[in-house]
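Morning, everyone. I have one structure to walk through today. Let me put it on the screen.

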Amino acid sequence: MVRPTSWEVDDGLWAVIEPLLPKVERRVQYPGRKRHPDRLVFQGILLVLHTGIAWEHLPQEIGFGSGMTCWRRLAEWTEAGVWPRLHQVLLALLRGANALDFSRAAVDGSHIRALKGSNKTGRSPVDRGRTVSEHHLITDATGIPLAATLTGGNRNDVTQLLPLLEAVPPVRGKRGRPRRRPDVLLADRGYDHDKYRRLVWDLGVKQMIARRGTAHGSGPGAQRWVVERAFAHLHWFRRLRIRWEVRDDIHEAFLTLGCALVCRRRLAEAQRRHS
């Protein structure tokens, strides 16, 4: 049996994605060339995300369309807000499968090289001043990505603490009000600022932020490792290891899509356990 490739879209995933895509009606008069099928183009986008291949090197013989076609469709779907909605739908499915744990959440940041400048890049304070961007991530208690943001690498991690909490979408999947806030927030010593401790409390979230001077792996560190594992899963996508995009929104699209794919993988694992 031939194992499917990582960028092959199965019927279950496509059933989730297809309703979220904007409908484009073909013109009656002067219709022009027929639009390449969305499912094949989406697989081309996934191929770039997984392998990190340049758009112009996307092999046309595999039928996914040209690199420019895939890039334009990615930009079109990004402008339509497809990726945050896809992530939110998958989070709801995870919650419905009892695979999402809001009892605590963990936050962290991770620098990546940026080979082209943009608004959300900066000189790294820890890597000889190289141009970098930073991924910021909040996960549930098991390491499922709840939200991610992008900044320049010269921004302090603590500045993204509240934006990350506020970026978590309302997650449905069960009867009653959707869930959005975790009970407890875990963070390392880089987030140790009394001002932000108070602001987190004001959102109704108990904070467990490590104090400066405490040893690594102690206190919240014993539970906070899940966010580091989530970064490892995200950066398994080669397009997220090094930033090639000039446009911030295109790289953010890849980042959100990566989070959605991690959620999809965890959902498949949960469904296998219960089958």
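Arg130 sits in the loop between strand 2 and strand 3 (131-139). A word on names: helices (H or I, at least four residues) and strands (E, at least two) are DSSP runs, numbered from the N terminus. This is a predicted model, so local features need pLDDT of at least 70, side-chain atom pairs count only at pLDDT 80 or more, and totals for chains, interfaces and linings use all residues. Residues are numbered from 1 along each chain as its sequence is written, and side-chain values use heavy atoms, with hydrogens and water left out.

Is Arg130 buried, exposed or partly exposed? Arg130 is partly exposed, because its relative accessible area is 32%. The cut-offs: buried is under 20% relative accessible area, exposed is over 50%, and partly exposed is in between (1.4 Å probe, protein chains only).

What does Arg130 touch? Leaving out residues up to four places away in sequence, Arg130 touches Arg113, Gly122, Arg123 and Ser124. Contact here means heavy atoms within 4.5 Å. Now look across to Pro37. Arg130 and Pro37 are 93 residues apart in sequence, and their C-alpha atoms are 40 Å apart in space.

Next, one of those partners. Arg123 belongs to strand 2 (residues 122-123). Arg123 counts as exposed, because its relative accessible area is 61%. Again leaving out residues up to four places away in sequence, Arg123 touches Gly129, Arg130, Gly153 and Asn154. Take Gly153: it is 30 residues from Arg123 along the chain, yet the two C-alpha atoms are separated by 6.3 Å.

Now the helices. Two packed helices are described by the angle between their axes and the distance between the axes. Axes are lines fitted to C-alpha atoms, for helices over the stretch in contact, and angles run from 0 to 180 degrees between N-to-C directions.

Start with helix 2 (residues 38-51) and helix 3 (residues 67-79). They pack at about 100°, with axes 9 Å apart. So helix 2 is roughly perpendicular to helix 3. On this scale, under 35 degrees is roughly parallel, over 145 roughly antiparallel, 65 to 115 roughly perpendicular, and the rest oblique. Helix 2 brings Asp38, Val41, Phe42, Gly44 and Ile45 to the contact, while helix 3 brings Thr69, Cys70, Arg73, Leu74 and Trp77. That contact has 6 nonpolar, 2 polar and 2 charged residues. Here Ala, Val, Leu, Ile, Met, Phe, Trp, Tyr, Cys and Pro count as nonpolar, Asp, Glu, Lys and Arg as charged, and the others, Gly among them, as polar.

Helix 3 has another partner. Its axis and that of helix 8 (residues 248-274) come within 10 Å and cross at roughly 85°. Helix 3 and helix 8 are therefore roughly perpendicular as well. From helix 3 come Trp71, Leu74, Ala75 and Thr78; from helix 8 come Asp249, Ile250, Ala253 and Phe254.

Stay with Thr78, in helix 3. Thr78 counts as buried, because its relative accessibility is 18%. A polar atom of the Thr78 side chain lies 2.6 Å from the backbone oxygen of Leu74.

Last, the cysteines. How many disulfides does the structure hold? The structure holds 0 disulfides, where a disulfide is a pair of cysteine sulfur atoms within 2.5 Å. Cys263 is buried, at a relative accessible area of 0%.

Methods: Polar contact = N/O pair within 3.5 Å; in protein donor to acceptor, adjacent residues only side chain to side chain.
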